[in-house]
Structure formats: structure tokens, C-alpha cells
Amino acid sequence: MPVDLTLHSDVRAMERAEFDHQVSEKLTLIEEYKMERERQQKLAEEEEIRRLRKELVPKAQHMPYFDRPFIPRRSTKHPTVPKEPKFHLPQHKKIKCSSSSWNDMSTFTFQQ
């Protein structure tokens with residue numbers, strides 16, 4: 001009587017098919033979750049826009065009371081004291097020319 005052989009490659013192929021099916025299910029669940037999250041976010045943004053538009057509707061302001069006119073008061077602060085700008089450099093920070101560069105310049109004379 002022949003014995004039905006079960007090859008390891010057949011078992012491995014069935015396991016791989018089950019694994020691929022699980023991976024595809026997981027990917028579809030992730031995609032559905034992402035789409036649902038995007039939809040919820042879009043709805044929240046639209047609701048926020050609607051709320052902001054409702055708040056930003058220009059509304060009539062009350063008329064000011066002119067029976068009590070505004071009278072400006074003199075300031076209690078002291079006026080500012082002007083200061084002299086310091087355009088000159090201190091003596092120790094001045095750029096000094098080396099004497100050799102001036103000596104080199106003296107060797108050049110204009111000839112006519």
C-alpha cells in the first residue's frame with residue numbers, strides 16, 4: 001500500500017501562504033487606520049475653519065461715549081538726556097601703519 005508523502009517544501013509553501021495572508025491583512029488594517037486618521041484630521045480641520053470663520057464675522061461695535069472726552073495727561077517720566085556718540089577710537093585701538101610700508105612707497109618716484 002503506497003504511503004502519502006508530505007514533502008517539507010509543500011509544508012513550507014502552505015506556511016508561507018498563511019504568512020503572506022497575515023501580512024496582507026496587517027497592511028490593509030494599517031492602510032485603513034491611516035485613512036481613518038486622515039479623515040478624522042480633515043474633519044477636525046474643517047470644523048476648526050468653520051469655528052474660526054464664525055468667530056471672525058465682523059460685528060457692530062458700540063458707539064463711544066462722547067460726553068466724557070479724552071483729555072491726555074502730562075507724562076510723569078523724565079525726558080531722556082542726549083549722549084554724545086563715540087565716533088573716535090581709543091588710542092590703543094587705532095590701526096598703526098608699519099614704517100616699512102611707507103619706506104617702500106618712497107622708493108617709487110614719478111619720472112617725467
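Modeller: What follows begins with the basis of the values and then turns to the salt bridges. This is a predicted model, in which local features need pLDDT of at least 70 and side-chain atom pairs count only at pLDDT 80 or more, while totals for chains, interfaces and linings use all residues. Residues are numbered from 1 along each chain as its sequence is written, and side-chain values use heavy atoms, with hydrogens and water left out.

The protein has two helices and zero strands, where helices (H or I, at least four residues) and strands (E, at least two) are DSSP runs numbered from the N terminus. Of its 112 residues, 0% are buried; buried means under 20% relative accessible area, exposed means over 50%, and partly exposed lies in between, with a 1.4 Å probe and protein chains only.

Side chains of opposite charge can pair when their charged atoms come close. A salt bridge here is a side-chain nitrogen of Lys or Arg within 4 Å of a carboxyl oxygen of Asp or Glu, and by this rule the count comes to five. Among them is a network that links Glu48, Arg51 and Glu55. Arg51 meets Glu48 at 2.5 Å, N to O, and these two residues are separated by about one helical turn because they stand three residues apart in helix 1. Arg51 also meets Glu55, at 2.7 Å, N to O; that pair is four residues apart in helix 1, which again means a separation of about one helical turn. Arg51 is partly exposed, at 37% relative accessibility, and Glu48 is likewise partly exposed, at 35%.

Another of the salt bridges joins Arg39 to Glu36, with the closest N and O atoms 2.6 Å apart. Both residues lie in helix 1, three residues apart, about one turn of the helix. Arg39 is partly exposed, with a relative accessible area of 41%, and Glu36 is partly exposed at 36%.
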